[in-house]
Amino acid sequence: MPLSEFQLIARYFAGLSPPDAEGVVLGIGDDAAILRPPPGEDLLVSIDTLVAGVHFPPFLSPRAIGHRALAVNLSDLAAMGARPLWFTLALTLPEVDESWLGGFADGLGTLAARCGIALVGGDTTRGPLSITIQVHGAAAPGRALRRDGARVGDSLWVTGRPGLAALGLQRLQAGVADDDPACAAFLWPEPRLAFGRGLAGLASAAIDVSDGLLADAGHIAERSAVGIEIDATLLPLEGALGAIPLSEALALCLTGGDDYELCFTAPAAASAAIAGLAAAQGLSCRRIGTVVPGVGARCAGVETTGMGYQHFRESADG
Ligand SMILES: [Mg+2]
């Protein structure tokens, strides 16, 4: 008997459910998965939907789409300082295209294996291309990083090169080859899981940079009921960002988004430990501002209204 469409699709994802996955009492194949959370730990849950043409540009390869769909969700666990455990996948496809499925499953599965997260369930339907992933992670009780813990006097930090992904998207749209470092930053975002876990106990608040540095720092400010002052002279405008006009680099860095770097606050006493953590992981991490009394996040001397950059991640809920 020929495989049904659903059996066919399931075959591409079989390798994403390792038999020895932690806490999986019963995986794919029944009406529901049975999962046993690590005893005494907090369970963290996050969900994101990516719609073709809305959350990612149509020219992305299936492999890059598979990577991105999981990476943006893992980035939310990273921002909470959580350890990834399990995910579920709901896939809506216009047609069953085996070459597309193979690439998508490869991009998704490579990242899943590297980050130690197991697929425990899924659903497939026919319709315009859309991918929903729900991730589950664990953290020691009360140790998860939140957005609401920033205190006046804390420092503001960011990992990596925010703005580089937005520059990469511009270059991809202009036809630049995808091995350009900026293009790679957009195509292959790396969830900062190990760094996020290391920040637990050091950072007072954290978020991942999906909507743009200024907007995401603003989410910390709002949830913590403080102001955040970014110092433009401290922003990491180096490499490809240092080679373009300063005003453009600043706009991309502050409003670009799609970076999936971590932005966080921490008391000054934690600065040396944070620098040591970053050095140990070979990750660049820069102090870029200060938590002050007030409302919202701003960057003195930089007018960001009307910068007009449009990125492919429009929602502010992740
Ligand atoms: Mg997020």
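Let's start with a pair of helices: the axes of helix 2 (residues 62-79) and helix 3 (residues 98-115) come within 6 Å and cross at roughly 35°. Their crossing is right-handed, meaning that the near helix is turned clockwise from the far one by less than a right angle. Axes here are lines fitted to C-alpha atoms, for helices over the stretch in contact, and angles run from 0 to 180 degrees between N-to-C directions. Helices (H or I, at least four residues) and strands (E, at least two) are DSSP runs, numbered from the N terminus.

Please keep in mind that this is a predicted model, in which local features need pLDDT of at least 70 and side-chain atom pairs count only at pLDDT 80 or more, while totals for chains, interfaces and linings use all residues. Residues are numbered from 1 along each chain as its sequence is written, and side-chain values use heavy atoms, with hydrogens and water left out.

Two packed helices are described by the angle between their axes and the distance between the axes. The table sets out both values for two pairs.

| Helix pair | Angle between axes | Distance between axes |
|---|---|---|
| Helix 2 and helix 3 | roughly 35° | within 6 Å |
| Helix 1 and helix 3 | about 35° | 9 Å |

On the helix 2 side, the residues that meet helix 3 include Ile65, Leu70, Ala71 and Leu74; among their counterparts in helix 3 are Trp100, Phe104, Leu108 and Leu111. Contact means heavy atoms within 4.5 Å. By class, this contact of helix 2 with helix 3 has 11 nonpolar, four polar and three charged residues. For these classes, Ala, Val, Leu, Ile, Met, Phe, Trp, Tyr, Cys and Pro count as nonpolar, Asp, Glu, Lys and Arg as charged, and the others, Gly among them, as polar.

Helix 1 and helix 3 also have a right-handed crossing. Here Leu8, Ile9, Arg11, Tyr12 and Phe13 of helix 1 meet Glu98, Leu101, Gly102, Phe104, Ala105 and Leu108 of helix 3. The contact of helix 1 with helix 3 has eight nonpolar, one polar and two charged residues.

Which residues of helix 1 (residues 5-13) are buried? They are Leu8, Ile9 and Phe13, where buried means under 20% relative accessible area, exposed over 50% and partly exposed in between (1.4 Å probe, protein chains only). Because they cover an arc of only 140° around the axis, they sit on the same side of helix 1; the arc is that of the directions from the helix axis to the C-beta atoms. The buried residues of helix 1 pack against strand 4 (83-93), helix 3 and strand 5 (118-126).

Alanine 78 belongs to helix 2 and, at 0% relative accessibility, counts as buried. Alanine 78 touches Arg192, Leu193, Gly196 and Leu262, not counting residues up to four places away in sequence. Leucine 199 is 121 residues from alanine 78 in sequence, yet their C-alpha atoms are 9.6 Å apart in space.

Four strands form an open sheet with mixed pairing, in the order 3-6-4-5. Strand 3 (42-51) and strand 5 stand at the edges with a single partner strand each, so one side of each has no neighbour in the sheet. From one strand to the next, the twist averages 15°. Two strands pair if DSSP finds at least two bridges between them; strands 4 and 6 run antiparallel and are joined by nine bridges. One of the residues involved is threonine 88, whose bridge partner in strand 6 is glutamine 134. Helix 3 lies across strand 4 and strand 6, running at about 170° to strand 4.

Serine 130 lies in strand 6 (residues 130-139) and counts as buried at 15% relative accessibility. Its contacts, not counting residues up to four places away in sequence, are Thr49, Leu50, Val51, Ala90, Leu91 and Thr92.

Strand 9 (residues 227-230) pairs with strand 11 (residues 285-292) in the antiparallel sense over four bridges, and isoleucine 230 has glycine 289 as its bridge partner in strand 11.

Why is helix 8 (residues 246-255) described as largely enclosed by the rest of the structure? Because seven of its 10 residues are buried. These buried residues pack against helix 4 (164-173), helix 7 (213-224), strand 9 and strand 12. Just after helix 8, glycine 257 takes a positive phi of about 80°.
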